[in-house]
Structure formats: C-alpha cells, structure tokens
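Subject: Structure handover

Hello,

Here is the structure you asked to look through. My notes on the strands, the cores and the salt bridges follow below.

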Amino acid sequence: MPSMCLMKLLKEDYDGAMISSSNLFHKTHYEILDVKEDANLEEVRKAYRSAILCFHPDKQQNASETSNSEYLTENKFLEIQTAWETIGNPRSRALYDAELLTLRQDAAISEDVSLDDLTVQDSGDIIELSYPCRCGDYYFIDSFELADTGCSISRDGEMVSLLTSKSLPTSVVLPCGSCSLKVRLLINGDSRLPIDVHL
C-alpha cells in the first residue's frame, strides 16, 4: 500500500499534469507549502518541515514503488526545497511577493466569462469546460482544476452540476491554448450546465 505522502503526490501530479499540459495554473511557493501568503515565518517553517519529511526520498517506505513515483517524489521534494529557500528568507520573500504582485497586475484579461458561457465535454474520468478564443483555439479548465478553486462537478444525466464550497464568488484566469489572450472565468455560485453531445 502506498504511503499517504505518495498518494497525495500522485493525486497532485495527476492534477499537475493536467494543469501544466494546458498552462492554466502555476502554483506559487505558498501553494506548494500549503500556507497563506500572509503566513508568518514560523507557519512557513512548520509547513516546510511537514512537507519535506513527507516527500523526502529517504523517507519513502516502499522500495518497490515505481520509478515514476520516485521521480514524482524527487520533483516534489525539489519544489518544496525551492519554495522554502524563497519564502523562508525575508529578503527573497519580499522580492518574490513584489514579483507576484506585478505578475497579477500585468495579466491582461481580454474579457470576463461566466460558467454559462462555457461548453461542457464529459470524457468519462474528467469533465472539460471550454470557451472559444478569437484566435480560433480555446480556453480550457477541467474538473480537477475547478476542484482546486473549491468547486466540485457532478454529472446528472445530460447536465453537469457545479457546486461551490465557498460563500464568496471566485474567479480564475484562463490562458488561451495558442495565443497570449486570457479570460477571467467568474464563478458566482452553484450552476447547472448542459453537456455538449455533438462533439
């Protein structure tokens, strides 16, 4: 039986593979260590220690786990180490925070879209939502990425229900698969969307 750390890593890597393949999200160092951006140094240190112990290659209990798992563990370990080196130091953290702020302000949003504007495709294990870009490609988000925002998706016949766990509205910036345009997906509450059966 895989360790809890490895199971968490495999889920994160599966989600991450979906994320990085479509370039929808980039985890910040804060997200990697699972701390808030306003966390104090002691909270960051505690999260780092917990994560580093969980994903340290020497701490893996089952030597017969696949080499892919070992690769994932090493990558996660290096991500955690880099995050700590950046936000565990007050000077580098200040520079990183300034860079994050600049990146967030520079994100050029071409338009705001709602969930009702999206086309829904169900491929079995994953539900994809898309919106056409004026360049001819699409903006995509899938059920795993929506789960990261606190939303859950369930299928009910030819409809998909999207439930939000947060009381406040949220938004997600989605880049186009081909060009530099981005849209802001506004998630304002629970929604029901039809599945596109023509695809």
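Strand β6 (residues 159-164) is joined to β9 by four bridges, and the two run antiparallel. Within this pairing, Val160 sits opposite Leu193 of β9. Strands here are DSSP E runs of at least two residues and helices are H or I runs of at least four, both numbered from the N terminus; two strands count as paired if DSSP finds at least two bridges between them.

Before going further: this is a predicted model, in which local features need pLDDT of at least 70 and side-chain atom pairs count only at pLDDT 80 or more, while totals for chains, interfaces and linings use all residues. Residues are numbered from 1 along each chain as its sequence is written, and side-chain values use heavy atoms, with hydrogens and water left out.

Sheet and hairpin

The open sheet has three strands in the order β5-β6-β9, with antiparallel pairing. β5 (151-156) and β9 (191-194) are the edge strands with a single partner each, so one side of each has no neighbour in the sheet.

β3 and β4 are also antiparallel, joined by five bridges, and Tyr131 has Tyr139 in β4 as its bridge partner. The two strands form a hairpin with five residues between them, and Gly136 in the turn has a positive phi of about 110°.

Cores

A nonpolar core is a set of buried Ala, Val, Leu, Ile, Met, Phe, Trp, Tyr and Cys residues joined through side-chain atoms within 4.5 Å. Buried means under 20% relative accessible area, exposed over 50%, and partly exposed in between (1.4 Å probe, protein chains only). The largest core has 24 residues, of which Leu115, Leu129, Tyr139, Leu146, Leu185 and Ile187 touch the most other members. At least two residues of this core come from each of β3 (127-132), β4 (138-142), β5, β6, β7 (170-175) and β8 (182-187). Another core, of 19 residues, lies apart from it and includes Ala51, Ile52, Phe77 and Trp84.

Salt bridges

The whole structure contains three salt bridges, each defined by a side-chain nitrogen of Lys or Arg within 4 Å of a carboxyl oxygen of Asp or Glu.

- Arg45 and Glu42 meet at 3.1 Å, N to O. They are three residues apart in helix α3 (residues 41-55), about one helical turn.
- Glu79 and Lys76 meet at 4.0 Å, N to O. Lys76 is buried at 6% relative accessible area, whereas Glu79 is partly exposed at 37%.
- Arg184 and Asp112 meet at 2.8 Å, N to O. Arg184 lies in β8 and Asp112 in β1 (residues 109-114), so the pair ties together parts 72 residues apart in sequence.

Regards
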